[in-house]
Amino acid sequence: MLARRVPHSLRAQVSRVRVAPHARFVHGHGEYHHLPFQFPGKKRLAFGIKLTAYLVTGFTIPFAAAKFQLNKSAAGA
């Protein structure tokens, strides 16, 4: 037989082991913030402008690179 019978004393020990449930949404900050950093206070407009510029630049670079490559290959043909 592959399976063995577990002794009663071991079965009793295993049944006594308890695992504490984990606390949900406890991050150690006390107050919940949806951003992973502290918001820069009352400078929301400046933060919004910088964030928008960063995201637009990152989104535009692949399209500008593709256009450059297409124009470069069309000029050599």
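This report describes the helices, surface and aromatic side chains of a predicted model.

## Basis

Residue numbers start from 1 along each chain as its sequence is written. The model is predicted, so local features need pLDDT of at least 70 and side-chain atom pairs count only at pLDDT 80 or more, while totals for chains, interfaces and linings use all residues; side-chain values use heavy atoms, without hydrogens and water.

## Fold and helix H2

The chain has two helices and zero strands, taken as DSSP runs numbered from the N terminus (helices H or I, at least four residues; strands E, at least two). Helix H2 covers residues 44-76. Its 33 residues reach 48 Å from the first C-alpha to the last, close to the 48 Å expected at 1.5 Å a residue (1.5 Å times one less than the number of residues).

H2 has a kink of about 30 degrees at Thr-60, shortly before the proline Pro-62. The bend is the angle between axes fitted to the seven residues ending at a residue and the seven starting there.

## Surface

Of the 77 residues in the chain, 0% count as buried (buried is under 20% relative accessible area, exposed over 50%, partly exposed in between; 1.4 Å probe, protein chains only). The accessible surface of the chain is about 8300 Å², and 65% of this belongs to carbon and sulfur atoms (Shrake-Rupley method, 1.4 Å probe; for residues, only the protein chains shown count as cover).

Tyr-54, a residue of H2, is exposed at a relative accessible area of 62%.

## Aromatic pair

One aromatic pair is found in a search of the whole structure. Phe-59 and Phe-63 form this pair, which is tilted, with 5.3 Å centre to centre and 50 degrees between the planes. Rings of Phe, Tyr and Trp (its six-membered ring) pair if their centres lie within 6.5 Å; planes under 30 degrees apart are stacked, over 60 edge-to-face, and the rest tilted.

Phe-59 and Phe-63 are four residues apart in H2, and so about one helical turn separates them. Phe-59 is exposed at 58% relative accessibility, and Phe-63 is exposed at 55%.
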